[in-house]
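Open the model in your viewer and keep the sequence beside it. This tour says what to select next and what is there.

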Amino acid sequence: MIPSDPQMSLAYRKYVLGLAAVVITAVYVLRLFTLQLTSDDYKLRADSNAFMKRIQFPARGAISDRNGKLLVYNQPAYDIMVVMQEQLGVDTLDLCRSLGIDKEWYVRRMDEIKRTRGYSRHTQQLFMSQLSVEEFSSFQEKLFRFPGFYIQKRSIRQYTTPHAAHILGDIGEVSPADIEEDNYYQSGDYIGKQGVERSYERQLRGIKGSEILLRDVHGRIKGRYQDGRFDQQPLPGKNLTLSIDLELQALGERLMTGKLGSIVAIEPSTGEILCMVSSPSFDPRTMVGRQRGRQHQMLARDPMKPLLNRAIMGQYPPGSTFKTSQALTFLQEGIITPETQYSCSHGFHFKGLKVGCHGHGSPLALKYAIGTSCNAYFCWGLYHMFGNREHYHSTQEAMTRWKDYMVSMGFGYKLGVDLPGEKRGLIPNAELYDKAYKGQWSGLTVISISIGQGEVNLTPLQIANLGATIANRGWYITPHVVREIQDESIDTLYTRRNYTMVSPTNYEYIVDGMAQAVRAGTCTAANNPWYVTCGKTGTAQNRGHDHSVFMGFAPRENPRIAIAVYVENGGWGAKYGVPLGALMMEQYINGHLSEASAKKADTFEHATITYGTYER
């Protein structure tokens, strides 16, 4: 309320006007403070008129195999960058003709750039990536006609071989999630998408550098600011040496032509993966440059799933290869001795339950049970373990003890291989069966797990690691594909031993049985005159044709290679698993195939399996 006294009214208005003047002044001062000291908007505009900061991308680390053969290297490529503030008025149609793109692509790309997280009109944004040297040369001649567009030198990956795609992986443009997770990246950068390119991204990518360039009032580059005093040189990525043997990898992929499945070979003493075959595969040389996206979509739609690394993602019943782990458990727990004999009348028959088996001598002891792959022997072992009330108070307690052994052997959980996407497989526990059977179950209920069927699932990597563990008589080093990192030690996970719950003495009995299998049992196709091979077949039951499986190692003493072969719907283990495994071991140990073996390899290369509609 304004006072009625004229003198008081005048004084009141004076105070009001004075207060308003102070507020207005304060607002202006605050805005000036914000613009000059806290906001970089005008600074960016001013700097962008005089300077241009250009990122210098480091060379990505090269990748070689264990013998020094180059697998992945870099080749020059060029990106087209755009500064939105500067490209206004550019002849769009002329630009599109020069780059071989249409107007719709141009409009769509510009819209994508504006929606990118961290977008600024005053800084360079990626417009088009990975131009070849020829495309770059052609466009560079016309660049002066398109203000606001610049060429940024980059490099793209080149693969020297069509092999090992699942191990090597590839690189692609970063996603918004990648940028959110790591501020090293900005829109348009590249990152490892699969394989070691992904799991060793930080070592391979290097450290970015930068250079500051001077520009005149027309935006033309006039040179480096203070002769490059404030430039930062990029640091190249570190080179990787893989543990794989390229020749062994190539042979494995050749042998798996026309088949679904996997071959994994490990050096037992180091845990180094010598080969990792997943079939079908794809040529990594097609997953480079601007064609990568289209090629990836095509592979993703293929019903045979060539992008799936079956070696670490495929989860299969291990079949009779699993019997070795059962024998070790029964021996260590005192359920059997090496001399314990069980009868087999074409299978396990008890209380109306039957698990079939092929014909062989009976009764038989442990070594011959492994050599002939007797189903009944291992069913009896599990039945006696789960029903033993002197050792265990209940079936559930026996089951828990059984699972502890399986976990100590590397089953039921991820092994920790240095590749993305590894699956854990499945080792059932008492809780699973309690829930399924409402607590009313016994060893007979779950008898099929003793022969690697039922709920048991392993990856081919885990089966190969079982072979390595037996070869070492009770320990393994976590399998890995990277042998050396330039100027850096590999993770201690890949150098320390993991011991199982079974004594080395008991492993010797299993080695005897596996040697017997090769000498005069189910693995005779792996016999050879050069060294003693130990092996175990597997014929894993399936809804369609059985899977053909082999697990083994060689030589018997001081083993150099442990291997798992898994051929989906391949039938008996001796049909595909054993001969393929034998050829692989011969190649690695002898360094070549004999003339007779080379002919076998040609035969298996052209032996294909017909698959119907495939789902896994």
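Start with the sheet. Select β12, β11, β20, β19 and β18: these 5 strands, in that order, form an open sheet with antiparallel pairing. Strands here are DSSP runs of E with at least two residues, helices are runs of H or I with at least four, and both are numbered from the N terminus. Two strands pair if DSSP finds at least two bridges between them. Look at the edges: β12 (272-279) and β18 (534-540) each have a single partner strand, so one side of each is left without a neighbour in the sheet. On average, neighbouring strands of this sheet are turned by 5 degrees against each other, direction ignored. Axes are lines fitted to C-alpha atoms, for helices over the stretch in contact, and angles between N-to-C directions run from 0 to 180 degrees.

This is a predicted model: local features need pLDDT of at least 70, side-chain atom pairs count only at pLDDT 80 or more, and totals for chains, interfaces and linings use all residues. Residues are numbered from 1 along each chain as its sequence is written, and side-chain values use heavy atoms, with hydrogens and water left out.

Now take the strands in turn. Select β11, residues 261-267. It pairs with β12 in the antiparallel sense over 7 bridges. Pick S262 in that pair: its bridge partner in β12 is S278.

Next, show the helices on the sheet. Helix α18 (residues 460-471) lies across β11, β12, β19 (547-554) and β20 (561-567), and runs at about 150 degrees to β20. Contact means heavy atoms within 4.5 Å.

Is β19 buried or exposed? Of its 8 residues, 8 are buried. Buried means under 20% relative accessible area, exposed means over 50%, and partly exposed lies in between, with a 1.4 Å probe and protein chains only. Colour its two faces. H547, V549, M551 and F553 are on one side, S548, F550, G552 and A554 are on the other, and all are buried.

Stay on β19 and follow its partners. β18 pairs with β19 in the antiparallel sense over 7 bridges. Which residue of β19 is the bridge partner of G538? It is V549. The hairpin of β18 and β19 has 6 residues between the strands. On the β20 side, 7 bridges join β19 to β20, again antiparallel. There V549 has Y566 as its bridge partner. The hairpin of β19 and β20 has 6 residues between its strands, and N558 in the turn has a positive phi of about 50 degrees.

Move to a helix pair. Two packed helices are described by the angle between their axes and the distance between the axes. Select α15 (residues 375-386) and α16 (residues 395-408): they pack at an angle of about 125 degrees, with axes 8 Å apart. That makes α15 oblique to α16. Angles under 35 degrees count as roughly parallel, over 145 as roughly antiparallel, 65 to 115 as roughly perpendicular, and the rest as oblique. Show side chains: L382, M385 and F386 in α15 meet T395, A398, M399, R401 and W402 in α16. These contact residues divide into 6 nonpolar, 1 polar and 1 charged. Ala, Val, Leu, Ile, Met, Phe, Trp, Tyr, Cys and Pro count as nonpolar, Asp, Glu, Lys and Arg as charged, and the others, Gly among them, as polar.

Select β13 (residues 347-350) and β14 (residues 353-356), an antiparallel pair with 4 bridges. F348 has V355 as its bridge partner in β14. With 2 residues between the strands, this hairpin has K351 at a positive phi near 50 degrees.

Finish with backbone details. Most residues other than glycine have a negative phi, and most peptide bonds are trans. A cis peptide bond joins S279 and P280, with omega about 5 degrees. P280 lies in the loop between β12 and α11 (292-301). Another cis bond joins S362 and P363, with omega about -5 degrees. Q130, in strand β4 (residues 125-131), has a positive phi near 55 degrees. Q130 counts as buried at 11% relative accessibility.
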